[in-house]
Amino acid sequence: EFHKKPEKVDFSFNGPLGKYDRPQLQRGLKVFQEVCAACHSLKLVAFRNFADLGYDEGQVKAIAAAWPTETPSIDPNTGEATTRKSLPIDKIPSPYANEVMARAANNNALPPDLSLITKARHDGSNYVYSLLTGYQAQPAELVKQFPDSKTGKGLHYNPYFANLNIAMNKPLNDGQVTFDDGAPNDVKSMAKDVSAFLTWTAEPKMENRKSGGLATLGFLLFFTVLTYMSYRSIWAGQK
Ligand code: HEM
């Protein structure tokens, strides 16, 4: 009863005809770039995929080059591991060279790759929003009933997280990101934008799937009517 189900968010892509809101996805990308990318990668998404959000080639190049974490590479002269500025063909990199480094920087926890997080978690789009807006003080009642659940050092209470105490510090605070379109930047608005963005990373072709499904239903309906009419016509003369 202490663990909460995700809140229902009114996303533009909800429902059988839902579509992504491109300006919202662009804002979500900005939140991701300025906040989440410090710890999380998107290994299934390449910078060039951002063209889908409405950016032209030059803008994609600029986003890749300005990304806060660089792409791992090998120095051609020394053969040593190094990093370089990202190119449109690169995947969104992790800021850590490997898992050991990632855990060392995060109190032993591992920031997961977020490409598919909205699919990996039940009700994922609502979950990511709820997680980001759900940080709060631990209820005294919980600690009374389960003393071992007391939020430990380096952990943060969040009733939407599966085991209630999460290693990620509250990542979003009011006013943290400034949007080019002047959209609101309170925690809830930014959480909604970045959850929409992470829904897009997990399912960039959602709109095709939905419109395809609708066309299929239309066809099936048409075919049902046609079959029924043929049946009536074929048997019309029989008593
Ligand atoms: C875990 C999202 C920023 C560190 C997670 C999870 C999500 C998430 C969805 C997975 C929760 C689960 O397993 O169900 C985000 C978003 C961010 C953000 C959307 C930006 C708004 C950050 C930052 C850091 C960070 C800046 C590091 C300072 C971590 C760590 C975990 C985690 C260490 C693993 C937590 C655990 O297993 O206890 N994050 N994150 N995150 N994140 Fe973030």
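Two strands count as paired if DSSP finds at least two bridges between them. In this predicted model, strand S2 (residues 71–74) and strand S3 (residues 81–84) are joined by 4 bridges and run antiparallel. Within that pairing, Ser73 stands opposite Thr82 in S3.

**Hairpin of S2 and S3**
- The hairpin has 6 residues between its strands.
- Gly79 in this hairpin takes a positive phi near 75°.

**Iron site**
- His40, through NE2, and Met168, through SD, coordinate the iron atom of the ligand at 2.0 Å.
- The two residues come from distant parts of the chain, 128 residues apart. His40 sits in the loop between H1 and strand S1 (42–46), and Met168 in the loop between strand S6 (165–166) and H7.
- The site has 6 donor atoms with angles of 85 to 178° among them, and its geometry is octahedral.
- For reference, the ideal angles for six octahedral donors are 90 or 180 degrees.
- His40 has 8% relative accessibility and therefore counts as buried, the cut-off for buried being under 20%.
- Met168 counts as partly exposed because its relative accessibility is 25%.

**Helix H8**
- Helix H8 runs over residues 206–234, which makes 29 residues.
- Met206, Glu207 and Lys210 are buried in H8.
- An α-helix has 3.6 residues a turn, so residues three or four places apart point the same way.
- The cover over the buried residues of H8 includes helix H1 (22–34) and helix H7 (187–202).

**Gly28**
- Gly28 belongs to helix H1.
- With a relative accessible area of 0%, Gly28 is buried.
- Apart from residues up to four places away in sequence, Gly28 touches Asp193, Val194 and Phe197.
- Between Gly28 and Gln136 there are 108 residues of sequence separation, and their C-alpha atoms are 23 Å apart.

**Thr69**
- Thr69 lies in the loop between helix H2 (57–66) and S2.
- The relative accessible area of Thr69 is 10%, so Thr69 is buried.
- Neighbours within four places in sequence left aside, Thr69 is in contact with Ala37, Ser86, Pro93, Ser94 and Pro95.

Key:
Residues numbered from 1 in each chain as written. Predicted model: local features only at pLDDT ≥ 70, side-chain atom pairs only at ≥ 80, totals over all residues. Heavy atoms only, no water. Expected span 1.5 Å × (residues − 1). Buried < 20%, exposed > 50% of the residue type's maximum accessible area, 1.4 Å probe, protein only. Contact = heavy atoms within 4.5 Å. Donors = N, O, S within 2.8 Å, 3.2 Å for Na, K, Ca; no water. Tetrahedral: all angles 85-135°; square planar, octahedral: opposite > 155°, others 65-115°.
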